[in-house]
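This report describes the fold, the packing and the local backbone features of one protein model. The sequence and the coordinates are shown first, and the discussion follows.

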Amino acid sequence: PGTIENPPMRDWRDRMRLTVRIPLLLTITAVLAACTTTDQPTVAEVPEIRPGILQGYLPMDAPLDSHAFVPPPPEPGSPEQAADDAFSQTLLPLQGTARWELAKSDAHLGFPDAANTFACALGIQPSETATPNLYMVLRRTLADLGLATYGAKNAYQRARPFMVNEQPTCTPEDDEELRTDGSYPSGHTAIGWGWALILSELAPDRAEQLLARGVAFGESRNVCNVHWRSDVQAGMMVGAAAYARLQNNADFNAAMAAARDEIAEARKNALSPDLDCAAEAAALAIMN
């Protein structure tokens, strides 16, 4: 069972869908909060849109409509769907490998574990205590990036690979929920690619490593047999669009400035990742 700090993935997905119909009271609360303070908020001051999921920076009464710019997924029987099928088949032998285990880890977006995803690529260990502003940026943008996929996701309601090929997923505990959650575009990928772009802005000297990890994060959804390749490509499109919209948000920009200072300080203090980065690199190399 999940906790408020680390909810199970199926709960996250369900909460993201339900958030599209956010109550008016929550919207008013968000607007008032934005108008009354310019200081960096603490976790206690940021409302939860659902247990464990913090409100993002973008206004929730006017969410990004991904259906307006994400094209339809490949039609059944089309050459594009055949390409998706073929790519999915090439990844099935990865079941049980180190790459499969990394994909399983990438599937879980609950904090604090999700803060480790880009630690090796970033070269420092983000944490709520050592880098609170960076940690907050990651937590809040999870909602901004993930929610942005639901305009297209709800419109297209594409079936997922495991529903077609009847092969296992890396998160079987989520299978029942995934069956009713549209595959296109990939919400995980939108979050992972958005985080890669955000972190590349904060640490441009590590941009290549961060972007490569962002690509791999999306590929983890293919490895898990829960998304088609075109789902991941569309997820990257949505993540980039949400990131672009964040650039005009004053609260986000203030948080980014504070996070940038924290990264500089963490480097001075040699706050290296508390992970086996060599093992992660070896796992990622399996697909290269």
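Glu75 is exposed, with a relative accessible area of 55%. That value exceeds the 50% cut-off, and Glu75 therefore falls in the exposed class. The residue is located in the loop between β2 and α3. Along the chain, Glu75 and Arg158 are 83 residues apart, yet their C-alpha atoms are separated by 9.8 Å.

**Confidence**

The model is predicted. Its average pLDDT is 88, and 86% of the residues score at least 70. In residues 1–12 the pLDDT is below 50, and this stretch has 27 contacts in the model beyond near neighbours in sequence. Residues 17–38 also have a pLDDT below 50; their contacts beyond near neighbours in sequence number 20.

Helix α12 comprises the 18 residues 229–246. At 1.5 Å a residue it should span 26 Å, and the end C-alpha atoms are 26 Å apart, which agrees. Its buried residues include Ser230, Asp231, Val232, Ala234 and Gly235. Further along α12, Val238, Gly239, Ala242, Tyr243 and Leu246 are buried as well. An α-helix has 3.6 residues a turn, so residues three or four places apart point the same way. Among the elements that cover the buried residues of α12 are α3 (79–91), α6 (132–147), α10 (187–202), α11 (207–223) and α13 (250–268).

Helix α6, one of these covering elements, has 16 residues and reaches 23 Å from its first C-alpha to its last, close to the expected 22 Å. The helix has a kink of about 30°, centred on Thr141. Because 15 of its 16 residues are buried, α6 is largely enclosed by the rest of the structure.

**Nonpolar cores**

The largest nonpolar core holds 52 residues. Which of them touch the most other members? They are Phe111, Leu122, Leu134, Trp195, Ile198 and Leu202. At least two residues of this core come from each of β2 (53–54), α5 (119–122), α6, α10, α11, α12 and α13. A second, separate core has 11 residues, including Phe87, Leu91, Ala103 and Val226.

The surroundings of Leu134 can be listed individually. Leaving aside residues up to four places away in sequence, Leu134 touches Leu122, Ile124, Pro126, Leu199, Leu202, Ala259, Glu262 and Ile263.

**Aromatic pairs**

A search of the whole structure finds five aromatic pairs. A pair of aromatic rings is described by the distance of the centres and the angle of the planes. Two of the pairs are compared below.

| Pair | Centre distance | Plane angle | Class |
|---|---|---|---|
| Phe118 and Phe217 | 6.5 Å | 25° | stacked |
| Tyr156 and Tyr184 | 5.6 Å | 70° | edge-to-face |

The rings of Phe118 and Phe217 have their planes at 25°, so the pair is stacked. This pair links distant parts of the chain, with Phe118 in the loop between α4 and α5 and Phe217 in helix α11, 99 residues apart. Phe118 counts as buried at 4% relative accessibility, and Phe217 counts as buried at 1%.

The Tyr156 and Tyr184 pair is edge-to-face. Tyr156 lies in helix α7 and Tyr184 in the loop between α9 and α10, so the pair ties together parts that are 28 residues apart in sequence. Tyr184 is buried, with a relative accessible area of 4%.

**Backbone exceptions**

Most residues other than glycine have a negative phi, and most peptide bonds are trans. Where does the model depart from this pattern? The peptide bond joining Phe111 and Pro112 is cis, with omega about 15°; Pro112 lies in the loop between α4 (98–106) and α5. Tyr184 and Pro185 are likewise joined by a cis peptide bond, with omega near -5°. Pro185 belongs to the loop between α9 (175–178) and α10.

Gln157, although not a glycine, has a positive phi of about 45°. Its place is in the loop between α7 (150–156) and α8 (161–165), and Gln157 is partly exposed, with a relative accessible area of 42%. Asn225 is a residue other than glycine with a positive phi, near 65°. Asn225 is found in the loop between α11 and α12 and, at 2% relative accessibility, counts as buried.

How values were computed: Residues are numbered from 1 along each chain as its sequence is written. This is a predicted model: local features need pLDDT of at least 70, side-chain atom pairs count only at pLDDT 80 or more; totals for chains, interfaces and linings use all residues. Side-chain values use heavy atoms; hydrogens and water are left out. Helices (H or I, at least four residues) and strands (E, at least two) are DSSP runs, numbered from the N terminus. The expected span of a helix is 1.5 Å times one less than its number of residues. Buried means under 20% relative accessible area, exposed over 50%, partly exposed in between (1.4 Å probe, protein chains only). Contact means heavy atoms within 4.5 Å. A nonpolar core is a set of buried Ala, Val, Leu, Ile, Met, Phe, Trp, Tyr and Cys residues joined through side-chain atoms within 4.5 Å. pLDDT is the predictor's confidence in each residue, from 0 to 100. The bend at a residue is the angle between axes fitted to the seven residues ending there and the seven starting there. Rings of Phe, Tyr and Trp (its six-membered ring) pair if their centres lie within 6.5 Å; planes under 30 degrees apart count as stacked, over 60 as edge-to-face and the rest as tilted.
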